[in-house]
Amino acid sequence: MNVRLAVAICFCYFSSNSGEEPQRQDGPEQIHLSSTGSASSMFVTWVTQRDLGDGVVEFLMGNDPSTVRTAKAVKSPLVHTEDGVNETRTTYIFRATLTGLKPNTKYTYKVSNGNSVESGYFAFKTLEDSDTFKPRVCLFGDLGVVENVSIPNLLSKAERREFDFVIHLGDIAYDLQDNLGRKGDYFDREMQPITATIPYNVLPGNHEAEGNFSEFRGRFTLCLSVVSDFLWAQYNWLKKDLETANQKKNRKKQPWIITLGHRPMYCTNFDSWDCRPNNFIRTGYNNTLFNLESLFFKTKWTSSFTDTNTTMNGSSPYTDTSTT
């Protein structure tokens, strides 16, 4: 698919509803969609606060009962921990994959646990699958649960279907693991009116790092997961992926190579660490190893979106000596 992006950047920092916490459900909650990378399938993920049995998604095309199908979910206990707290808490994560979907089509679905505990109905529309499709993308980062600034606006835009999918560039809830994961629960309940109807795709930020990203990895379902404690493994995966994307046959079909991340190579402010001219993301370790700027130029990278220190950054190819 030759994707052309119409990007709606939603600036959302340290912001959420400062009123009462969204009510906890004794059943499926925190329901969210996420992209599989294909227009013909979709991930559905949800949470229960106690073990309520097996999980199932019932879905149908539009409101046509003759098209009803089901998808079984995989259940995983998520043990919540927190630095300095000598106790744990367990919730249950359910992941199902809806397959055989038709592109550019509306689907209705509900999730259930056991024989009688179920959610209400939600609806989503699959992406188009054509070379002329121009998806509308909502990008934001550093979104937490402190002030009532951004989420009401996001809710209203989502209700009007002003974007086709959402990408959260890290630093989620501030922080997901706080109060043994209850802050993450609060955030995900509040986001459900958006995330249950529009694919919500996430990247980890530095605030997700505690416990080797266990809270982040436990809560979210990603279309691609490259999890390694070794920079060589991550860098070599990225190098191979970019080189494949830059092959002539692939570049003709998909001319744009867009990267997403949390920490930037270039900044619009003068933060003392992230925005140094020789920052780690740009020039690599000891200005030698894992140099992303050099790798991006060799593979003719097009642009990047990053976010940290409450600043959204969009980059085009740039070096000390040239711009393109």
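This is a predicted model: local features need pLDDT of at least 70, side-chain atom pairs count only at pLDDT 80 or more; totals for chains, interfaces and linings use all residues.

Reader: How many helices and strands does the protein have?

Author: Both are DSSP runs numbered from the N terminus: helices are H or I with at least four residues, and strands are E with at least two. Counted that way, the protein comes to seven helices and 18 strands.

Reader: What share of the protein's residues count as buried?

Author: Buried means under 20% relative accessible area, exposed means over 50%, and partly exposed is in between, using a 1.4 Å probe on protein chains only. Of the 324 residues, the buried share is 47%.

Reader: What share of the contacts joins residues 24 or more positions apart?

Author: A contact means heavy atoms within 4.5 Å. Taking the contacts with a separation of 6 or more, the share from residues 24 or more positions apart is 71%.

Reader: Are helix 1 and helix 2 roughly parallel or roughly antiparallel?

Author: Two packed helices are described by the angle between their axes and the distance between the axes. Here an axis is a line fitted to C-alpha atoms over the stretch in contact, with angles from 0 to 180 degrees between N-to-C directions; the axes of helix 1 (residues 151–159) and helix 2 (residues 182–195) come within 8 Å and cross at roughly 30°. Angles under 35 degrees count as roughly parallel, over 145 as roughly antiparallel, 65 to 115 as roughly perpendicular and the rest as oblique. Helix 1 and helix 2 are therefore roughly parallel.

Reader: How many residues are charged where helix 1 meets helix 2?

Author: Ile151, Leu154, Leu155 and Ala158 in helix 1 meet Phe187, Glu190, Met191, Pro193 and Ile194 in helix 2. Ala, Val, Leu, Ile, Met, Phe, Trp, Tyr, Cys and Pro count as nonpolar, Asp, Glu, Lys and Arg as charged, and the others, Gly among them, as polar. By that scheme, this contact of helix 1 with helix 2 has eight nonpolar residues and no polar ones, and the charged count is one.

Reader: What is the phi of Leu180?

Author: Leu180 lies in the loop between strand 14 and helix 2. Leu180 is also buried, because its relative accessible area is 4%. Although Leu180 is not a glycine, its phi is positive, at about 55°.

Reader: Which helix gives the largest share of the lining of the largest cavity?

Author: A cavity is a set of points on a 1 Å grid over the protein atoms alone where a 1.4 Å probe fits but cannot get out, and lining residues have an atom within 4 Å of a point. Leu78, Val79, His80, Thr81, Gln177, Glu210, Gly211, Ser214 and Glu215 line the largest cavity. The elements that give it two or more residues are strand 6 (74–80) and helix 3. The largest share, four residues, comes from helix 3.

Reader: Is Glu210 buried or partly exposed?

Author: Glu210 lies in helix 3 (residues 210–219). Glu210 touches Thr81, Glu82, Asp83 and Gln177, leaving aside residues up to four places away in sequence. Because its relative accessibility is 25%, Glu210 counts as partly exposed.

Reader: How far apart in space are Ser34 and Thr45, C-alpha to C-alpha?

Author: Ser34 is in strand 2 (residues 29–35), and Ser34 counts as buried because its relative accessibility is 1%. Ser34 and Thr45 are 11 residues apart in sequence. In space, C-alpha to C-alpha, the distance is 8.0 Å.

Terms used:
Residues are numbered from 1 along each chain as its sequence is written. Side-chain values use heavy atoms; hydrogens and water are left out. On a 1 Å grid over the protein atoms alone, a cavity is a set of points where a 1.4 Å probe fits but cannot get out, and a pocket is an open set with protein on both sides within 12 Å along at least five of seven lines; lining residues have an atom within 4 Å of a point.
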